[in-house]
Amino acid sequence: MDLLFREYASPFILLDQMVSHGRLCEFITTFEESKAEKETWEFYIHKLPAWDSRTYDEFKSQVLRGAHQQQEKPSDEELETIIGISFDVLKDFKIEKEGG
């Protein structure tokens with residue numbers, strides 16, 4: 001929500017309109033893509049060394065390619081281990097009733 005307030009003075013009106021037209025998901029997706037594009041551009045112009053002669057498109061494709069390579073899916077065995085650890089953490093979890 002904070003991101004919307006950075007871009008729009010009153011995002012609630014905008015969100016209400018998107019919901020009423022059935023386009024909230026499309027708006028959120030577009031908004032996130034725009035945010036990611038701005039962040040990539042800012043990184044490119046401020047953090048890339050001056051001697052690096054890559055164009056923005058080359059830089060962006062290399063960053064995206066690297067991001068996709070790093071997101072490997074865990075194996076079934078790793079998933080079972082993660083789920084087991086999660087169950088162990090929650091096993092002794094008890095919710096106390098309000099007031100005592």
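**Questions on a predicted model**

Me: How far apart are the closest N and O atoms in the salt bridge that Glu7 forms with Lys38?
Reply: A salt bridge needs a side-chain nitrogen of Lys or Arg within 4 Å of a carboxyl oxygen of Asp or Glu. In this predicted model, Glu7 and Lys38 form such a bridge. Their closest N and O atoms are separated by 3.3 Å.

Me: Which helices hold Glu7 and Lys38, and how many residues apart in sequence are the parts that the pair ties together?
Reply: Glu7 belongs to helix 1 and Lys38 to helix 3. The pair therefore ties together parts of the chain whose separation in sequence, in residues, is 31.

Me: What is the N to O distance in the salt bridge of Arg23 and Glu26?
Reply: Arg23 is partly exposed, with a relative accessible area of 41%. Glu26 is partly exposed as well, at 43%. Their side chains meet in a salt bridge with an N to O distance of 2.9 Å.

Me: By about how many helical turns are Lys35 and Glu32 separated?
Reply: The side chains of Lys35 and Glu32 meet in a salt bridge, at 3.9 Å from N to O. Lys35 is partly exposed at 25% relative accessibility, and Glu32 is partly exposed at 38%. The two residues are three residues apart in helix 3, so their separation is about one helical turn.

Me: Why do the buried residues of helix 2 line one face of the helix?
Reply: Helix 2 covers residues 11-20, and its buried residues are Pro11, Leu15 and Met18. Seen down the helix axis, these buried residues line one face because they fall within an arc of 60 degrees.

Me: Which exposed residues does helix 2 carry on the face turned away from its buried side?
Reply: The buried side of helix 2 is covered by parts that include helix 1 (2-7) and helix 3 (24-47). The face turned away from that side carries the exposed residues Ile13, Asp16 and Ser20.

Me: How far apart in space are Gln17 and Asp76, C-alpha to C-alpha?
Reply: Gln17 is placed in helix 2 and is partly exposed, with a relative accessible area of 41%. Gln17 and Asp76 are 59 residues apart in sequence. From C-alpha to C-alpha, their separation in space is 43 Å.

Me: Which residue with a positive phi follows helix 2?
Reply: Helix 2 runs over residues 11-20. After helix 2 comes a residue with a positive phi near 70 degrees, namely Gly22.

Me: Is the ring pair of Tyr44 and Tyr56 stacked or edge-to-face?
Reply: There are nine aromatic pairs in the structure. The ring centres of Tyr44 and Tyr56 are 5.3 Å apart and the planes stand at 70 degrees. An angle over 60 degrees counts as edge-to-face, so this pair is edge-to-face.

Me: What is the relative accessible area of Ile95?
Reply: Ile95 is found in the segment after helix 5 (76-91). With Ile85, Val89, Leu90 and Phe93, Ile95 makes a nonpolar surface patch of about 600 Å². Over 50% counts as exposed, and Ile95 is exposed because its relative accessible area is 73%.

How values were computed: Residues numbered from 1 in each chain as written. Predicted model: local features only at pLDDT ≥ 70, side-chain atom pairs only at ≥ 80, totals over all residues. Heavy atoms only, no water. Helix = DSSP H or I, 4+ residues; strand = E, 2+ residues; numbered from the N terminus. Buried < 20%, exposed > 50% of the residue type's maximum accessible area, 1.4 Å probe, protein only. Arc of directions from axis to C-beta. Contact = heavy atoms within 4.5 Å. Phe/Tyr/Trp six-rings, centres within 6.5 Å; stacked < 30°, edge-to-face > 60°. Patch = residues over 30% accessible without salt bridge, like charges linked within 9 Å, V, L, I, M, F, W, Y side chains within 5 Å. Areas by Shrake-Rupley, 256 points an atom, 1.4 Å probe, with all protein chains shown as cover.
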